[in-house]
Amino acid sequence: MLYSVKLATCLVLASLAFSDLFSRRLPNRAVLVVAGLYCVAAALVPISAAVFLGHVGLAAAAFAVAALLFRFGWIAGGDAKLAAAIFLWAGPSLAAPVFVIVSVCGLILGLAILAADPLYRRFDALRWLSCLSRARGVPYGIALAVGGGAAVWAPLAHSAPIL
């Protein structure tokens with residue numbers, strides 16, 4: 001059952017990544033589903049209240065930092081909410097690796113946008129790259145979704161406690 005919850009979470013994260021890429025929107029319901037699926041996973045695995053509260057506390061801290069970044073116009077509001085859901089899954093033990101994964105993926109996205117922007121303007125065959133237009137901003141939800149996938153599956157890969 002736990003694997004089904006993890007798989008469902010990854011499918012929702014993939015849909016969020018595609019939504020952000022093509023429409024630059026992260027639906028609130030889908031972000032809530034990601035957070036809700038963590039609660040389901042936590043109920044399936046016997047964890048202490050302290051561990052659960054550690055995850056919730058980290059999610060609150062991630063949301064506070066992301067809200068500040070939103071206030072300065074550096075990320076969008078949906079990205080701030082998704083960051084909180086991702087770090088809810090990560091918890092204190094995986095916060096640093098997930099942060100690095102999200103940061104590196106964000107850097108790669110930014111560089112891809114810088115490279116794709118002049119290409120799709122010059123060559124009609126590359127018009128499909130218009131979803132990476134600099135004018136539309138960086139779809140940071142993609143980087144967050146990749147980090148979320150790592151947060152969901154990393155405990156299994158490292159034989160650490162599931163949550």
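**Fold and selected residues**

Author: From the N terminus on, the elements of the chain run α-α-α-α-α. Keep in mind that this is a predicted model.

Reader: How many helices and strands does the chain have?

Author: Five helices and zero strands.

Reader: What share of the residues counts as buried?

Author: 42% of the 163 residues. The accessible surface of the chain is about 8700 Å². Carbon and sulfur atoms hold 74% of that surface.

Reader: And what share of the contacts comes from residues 24 or more positions apart?

Author: 70%, counting contacts in the chain with a separation of 6 or more.

Reader: Let's get specific. Where is T9?

Author: T9 sits in helix α1, residues 2-23.

Reader: Buried or exposed?

Author: T9 is buried, because its relative accessible area is 0% and the cut-off for buried is under 20%.

Reader: What does T9 touch?

Author: Beyond residues up to four places away in sequence, T9 touches V34, L37, W89 and V152. Its side chain also reaches the backbone oxygen of V5, at 2.8 Å.

Reader: Next, I142. Which helix holds I142?

Author: Helix α5, which covers residues 140-157. I142 is buried, at 19% relative accessible area.

Reader: Which residues is I142 in contact with?

Author: Neighbours within four places aside, I142 is in contact with A17, D20, L21 and L109.

Reader: How far apart in space are G106 and A143?

Author: 5.3 Å, C-alpha to C-alpha. In sequence they are 37 residues apart. G106 is in helix α4 and is buried, with a relative accessible area of 8%. Leaving out neighbours within four places, G106 is in contact with Y140 and A143.

Reader: Switching to the surface. Which residues make the nonpolar patch?

Author: F99, V100, V104 and I108 make a nonpolar surface patch of about 380 Å². F99 lies in helix α4, residues 77-122. At 51% relative accessibility, F99 counts as exposed.

Reader: Now the rings. How many aromatic pairs are there in the whole structure?

Author: A search finds five. One of them joins F18 and F22: the ring centres are 6.4 Å apart and the planes are at 10°, so the pair is stacked.

Reader: Why are F18 and F22 about one helical turn apart?

Author: Because F18 and F22 are four residues apart in helix α1. F18 is exposed at 54% relative accessible area, and F22 is exposed at 53%.

Reader: And what type of pair do F72 and W74 form?

Author: A tilted one, with 5.3 Å centre to centre and 35° between the planes. W74 counts as exposed, at 63% relative accessibility.

Reader: Last one. Which residues do ring pairs link into a cluster?

Author: Y38, F52 and W89.

Conventions: Residues are numbered from 1 along each chain as its sequence is written. This is a predicted model: local features need pLDDT of at least 70, side-chain atom pairs count only at pLDDT 80 or more; totals for chains, interfaces and linings use all residues. Side-chain values use heavy atoms; hydrogens and water are left out. Helices (H or I, at least four residues) and strands (E, at least two) are DSSP runs, numbered from the N terminus. Buried means under 20% relative accessible area, exposed over 50%, partly exposed in between (1.4 Å probe, protein chains only). Contact means heavy atoms within 4.5 Å. Accessible areas come from the Shrake-Rupley method with a 1.4 Å probe; for residues, only the protein chains shown count as cover. A polar contact is a pair of N or O atoms within 3.5 Å; within protein, one must be able to donate a hydrogen and the other to accept it, and residues adjacent in sequence count only if both atoms are side-chain atoms. Patches are made of residues with over 30% relative accessible area and no salt bridge: like charges are joined within 9 Å, nonpolar side chains (Val, Leu, Ile, Met, Phe, Trp, Tyr) within 5 Å. A salt bridge is a side-chain nitrogen of Lys or Arg within 4 Å of a carboxyl oxygen of Asp or Glu. Rings of Phe, Tyr and Trp (its six-membered ring) pair if their centres lie within 6.5 Å; planes under 30 degrees apart count as stacked, over 60 as edge-to-face and the rest as tilted.
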